[in-house]
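Q: I am new to this structure and would like to learn how to read its features one at a time. Could we begin with the terms and then turn to the cases?

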Amino acid sequence: MKKIPVHFRPHQPVKYSYQKLTICKSCQTFTALGNQQCPACGKSSLVPVEQHAASTAKRSMHTSLLIAVFIGLVAIFLSHTLLQMVLCGAAGLSLVTLLWFVQRQVMAQETNRALLALLQQDQERLGQDMYRDWETAFSNWDSDKQLTYELLRELSALLRNDTIRLQQVALLHYFVLRKDMDLVLEPLLITNYDPLLADYIGELTKIKRDLIKDSTFQYVLNYELEILGLENGQDILAGVAGAAVRMKRYVLSYSGLVRRYAHKLPKDRFLRLYRIVQQNPHEMGERLTSEVHRIYQEKYQWDPDFQEPSTRGSLI
Amino acid sequence: MLAYGCLGILFLYAAVRAGFYWFRRNSAPTQQDIDNSLLTILNGESER
């Protein structure tokens with residue numbers, strides 16, 4: 001299969017998932033696809049849900065203030081003397097100002113309250129709108145795989161299930177993966193074994209091994225036998241072992257994995273492993289240490305790179 | 001007299017509203033609470 005070279009649009013990660021969500025001011029439809037127009041009514045009236053909630057909270061507070069101002073004006077209107085009018089005006093103004101000041105202090109909390117109410121009031125509709133967005137994203141699968149992936153990437157901040165993760169992994173197989181791409185792994189890890197995911201992990205061990213972390217090591221260990229059944233399974237596992245070698249902590253935590261595939265490590269990765277074992281002889285465990293020394297004796301005994309003293313941080 | 005009565009009503013109204021806002025601010029949901037609620041709505045408890 002010929003792979004497609006792509007340049008993904010910049011992805012804006014958010015701290016909270018709801019920051020991906022927008023709502024149409026006209027028909028109250030939710031969407032997370034970053035459209036300019038509402039997918040339901042077609043109007044350009046989409047605003048972030050936070051902004052919508054802030055407007056709702058402000059409107060409620062302004063109503064309270066207006067009621068207070070109205071009562072103050074009635075008091076002034078009902079005054080008989082100028083002194084009474086001045087007193088009522090001053091007192092009214094002070095009380096309205098106090099109320100306004102308190103409202104300013106609690107604005108953030110009232111906005112949060114309004115936002116939560118907005119999301120909870122029509123849960124069924126929210127779910128339907130998100131699944132409609134998912135269908136919209138998926139509908140581009142045949143015509144524009146890059147767009148499909150980018151849309152699914154946006155939606156995956158909100159819809160967290162193995163199906164959408166697998167769809168993203170499947171799409172990534174159509175692309176030429178490069179080191180400079182904004183790729184992820186941990187959000188794509190699914191509950192069960194999938195050969196496409198194992199293959200993707202194998203690709204990442206070549207171009208972005210820093211994405212291989214604890215959860216990935218655990219996944220690989222859980223499904224090691226299944227991965228070995230793949231044509232390139234040994235290479236994938238050796239790549240993951242090579243990624244573990246970048247930190248002493250990973251070598252310690254996953255020493256069994258590293259030991260089993262140490263013999264398949266390329267020279268630079270094995271050299272790093274050899275130095276970690278040399279510098280920490282009592283921590284690495286007897287089996288890993290003896291395996292590393294066995295490989296050293298077999299392949300690298302006369303290699304000058306292995307005779308030089310290690311320089312810290314030279315190989316990652 | 002009516003004017004002062006209105007002023008009293010205004011005072012009570014402002015005091016009640018201000019107290020209402022002030023005392024319920026501690027029970028307001030945090031951004032993380034909102035996020036968790038949204039993810040639960042969309043994915044259920046297990047996938048959150």
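A: Let us start with burial: a residue is called buried when its relative accessible area is under 20%, exposed when that area is over 50%, and partly exposed in between. The model is a predicted one, and in it A:E150 counts as buried because its relative accessibility is 5%.

Q: Which residue forms a salt bridge with A:E150?
A: A salt bridge here is a side-chain nitrogen of Lys or Arg within 4 Å of a carboxyl oxygen of Asp or Glu. A:E150 has A:R9 as its partner, with the closest N and O atoms 2.7 Å apart. This pair links distant parts of the chain, since A:R9 belongs to the segment before strand 1 of chain A while A:E150 sits in helix 5 (residues 145–155), 141 residues apart. Over all chains, the structure holds 18 salt bridges.

Q: Where do A:D129 and A:R132 lie, and how many residues apart are they?
A: In general, an α-helix has 3.6 residues a turn, so residues three or four places apart point the same way. In this structure, A:D129 and A:R132 both belong to helix 4 (residues 123–138) of chain A and are three residues apart, about one turn of the helix. Their side chains meet in a salt bridge, at 3.2 Å from N to O. A:D129 is buried, at 6% relative accessible area, whereas A:R132 is partly exposed, at 24%.

Q: Which parts does the salt bridge between A:E224 and A:R260 tie together?
A: The closest N and O atoms of A:E224 and A:R260 are 2.9 Å apart. A:E224 lies in helix 9 of chain A and A:R260 in helix 12 (residues 255–261), so the bridge ties together parts that are 36 residues apart in sequence. A:E224 counts as buried, at 11% relative accessibility, and A:R260 as partly exposed, at 33%. Salt bridges can also share partners, and in this way A:R125, A:D129, A:R132 and A:D133 are joined into one network.

Q: Why is chain A said to be more spread out than a compact globule?
A: Chain A contains 14 helices and three strands. Its radius of gyration is 30 Å, well over the 20 Å that the globule rule gives for 316 residues, and therefore chain A is more spread out than a compact globule. Along its principal axes, the C-alpha trace of chain A spans about 110 × 50 × 30 Å.

Q: What covers the buried residues of helix 7 of chain A?
A: The buried residues of helix 7 (residues 195–207) include A:L197, A:Y200, A:I201 and A:L204. Their cover includes helix 6, helix 8, helix 9 and helix 10 of chain A. As for its length, the 13 residues of helix 7 should span 18 Å at 1.5 Å a residue, and the end C-alpha atoms are 19 Å apart, which agrees.

Q: What is the phi of A:Q28, and where is this residue found?
A: Most residues other than glycine have a negative phi. The phi of A:Q28 is near 65 degrees, a positive value in a residue other than glycine. A:Q28 is found in the loop between strand 1 (22–24) and strand 2 (30–31) of chain A, and A:Q28 is partly exposed, with a relative accessible area of 29%.

Q: Which residues form a nonpolar patch on the surface?
A: The patch is formed by A:L83, A:L87, B:M1 and B:Y4, which together have about 470 Å² of accessible area. One of them, A:L83, belongs to helix 2 (residues 82–105) of chain A and counts as exposed, at 60% relative accessibility.

Definitions and conventions: Residues are numbered from 1 along each chain as its sequence is written. Chains are lettered from A and ligands numbered from 1 in the order in which they are written. This is a predicted model: local features need pLDDT of at least 70, side-chain atom pairs count only at pLDDT 80 or more; totals for chains, interfaces and linings use all residues. Side-chain values use heavy atoms; hydrogens and water are left out. Patches are made of residues with over 30% relative accessible area and no salt bridge: like charges are joined within 9 Å, nonpolar side chains (Val, Leu, Ile, Met, Phe, Trp, Tyr) within 5 Å. Accessible areas come from the Shrake-Rupley method with a 1.4 Å probe; for residues, only the protein chains shown count as cover. Helices (H or I, at least four residues) and strands (E, at least two) are DSSP runs, numbered from the N terminus. Buried means under 20% relative accessible area, exposed over 50%, partly exposed in between (1.4 Å probe, protein chains only). The radius of gyration is taken over C-alpha atoms; the globule rule is 2.2 Å times the number of residues to the power 0.38. The expected span of a helix is 1.5 Å times one less than its number of residues. Contact means heavy atoms within 4.5 Å.
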